[in-house]
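User: Could you walk me through reading this structure, one feature at a time? I'd like the general idea and then the case at hand.

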Amino acid sequence: MAQDLNEASQEISSCSHKSGLKKRQMDIRIDYLADDMNIISALARQHYNAFKDHNPVDSVQRRIVFLRKQAGSRQIPMTLVAYSGDNPIGSASLTAHDM
């Protein structure tokens with residue numbers, strides 16, 4: 001699975017998109033959250049800020065607890081994090097069920 005993530009990350013990194021008349025190279029890597037637990041607080045804040053209007057009982061602390069539970073590596077549940085350089089720019093969590 002790690003090899004699959006590396007291949008996917010390389011494929012994303014090699015993609016470029018048009019912005020007006022300019023092309024911009026996007027250097028993105030994808031890693032398991034379990035491999036960088038130090039970013040959980042920052043990632044929880046990003047999640048909270050993105051979704052707080054949809055869940056009035058949500059909080060950054062609840063997001064931290066959720067992400068810790070989702071931090072599996074090579075198992076479900078897991079969270080994958082996209083980075084631009086050293087900065088987390090997005091994430092996706094895989095769960096057995098979410099409803």
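Analyst: Here is a short tour that goes from the overall layout to single residues. This is a predicted model, where local features need pLDDT of at least 70, side-chain atom pairs count only at pLDDT 80 or more, and totals for chains, interfaces and linings use all residues. Residues are numbered from 1 along each chain as its sequence is written, and side-chain values use heavy atoms, with hydrogens and water left out.

User: Fine. How many helices and strands does the protein chain have, and how do the elements run?

Analyst: Helices (H or I, at least four residues) and strands (E, at least two) are DSSP runs, numbered from the N terminus. The protein chain has 3 helices and 5 strands, and from the N terminus on they run α-β-β-β-α-α-β-β. Contact means heavy atoms within 4.5 Å. Among contacts in the protein chain with a separation of 6 or more, 46% join residues 24 or more positions apart.

User: What share of the protein chain is buried?

Analyst: Buried means under 20% relative accessible area, exposed over 50%, and partly exposed in between (1.4 Å probe, protein chains only). Of the 99 residues in the protein chain, 26% are buried.

User: Which residues make up the largest nonpolar core?

Analyst: In soluble globular proteins, nonpolar side chains tend to be buried together. A nonpolar core here is a set of buried Ala, Val, Leu, Ile, Met, Phe, Trp, Tyr and Cys residues joined through side-chain atoms within 4.5 Å. The largest one has 10 residues: Leu33, Ile39, Ile40, Leu43, Ala44, Ile64, Leu67, Ala71, Val81 and Tyr83. Helix 2, helix 3 and strand 4 are the elements that give two or more residues to this core, and helix 2 gives the most, with 3 residues.

User: On to charges. How many salt bridges are there?

Analyst: A salt bridge is a side-chain nitrogen of Lys or Arg within 4 Å of a carboxyl oxygen of Asp or Glu. The whole structure has 2 salt bridges. Asp58 pairs with Arg63, with the closest N and O atoms 2.7 Å apart, and both Asp58 and Arg63 are buried. Asp31 and Arg29 meet at 2.8 Å, N to O; Asp31 is partly exposed at 25%, and so is Arg29 at 32%.

User: What does Arg29 lie over?

Analyst: A charge sits over a ring if NZ of Lys or CZ of Arg is within 6 Å of the ring centre and within 35 degrees of the ring normal. Arg29 lies over the face of Tyr83, 4.1 Å from the ring centre.

User: Last one, the backbone. Which peptide bond is cis, and which residue has a positive phi although it is not a glycine?

Analyst: Most residues other than glycine have a negative phi, and most peptide bonds are trans. The bond from Ile76 to Pro77 is cis, with omega near 5 degrees, and Pro77 lies in the loop between helix 3 and strand 4. Arg74 has the positive phi, about 65 degrees. Arg74 also belongs to the loop between helix 3 and strand 4, and counts as partly exposed at 46% relative accessibility.
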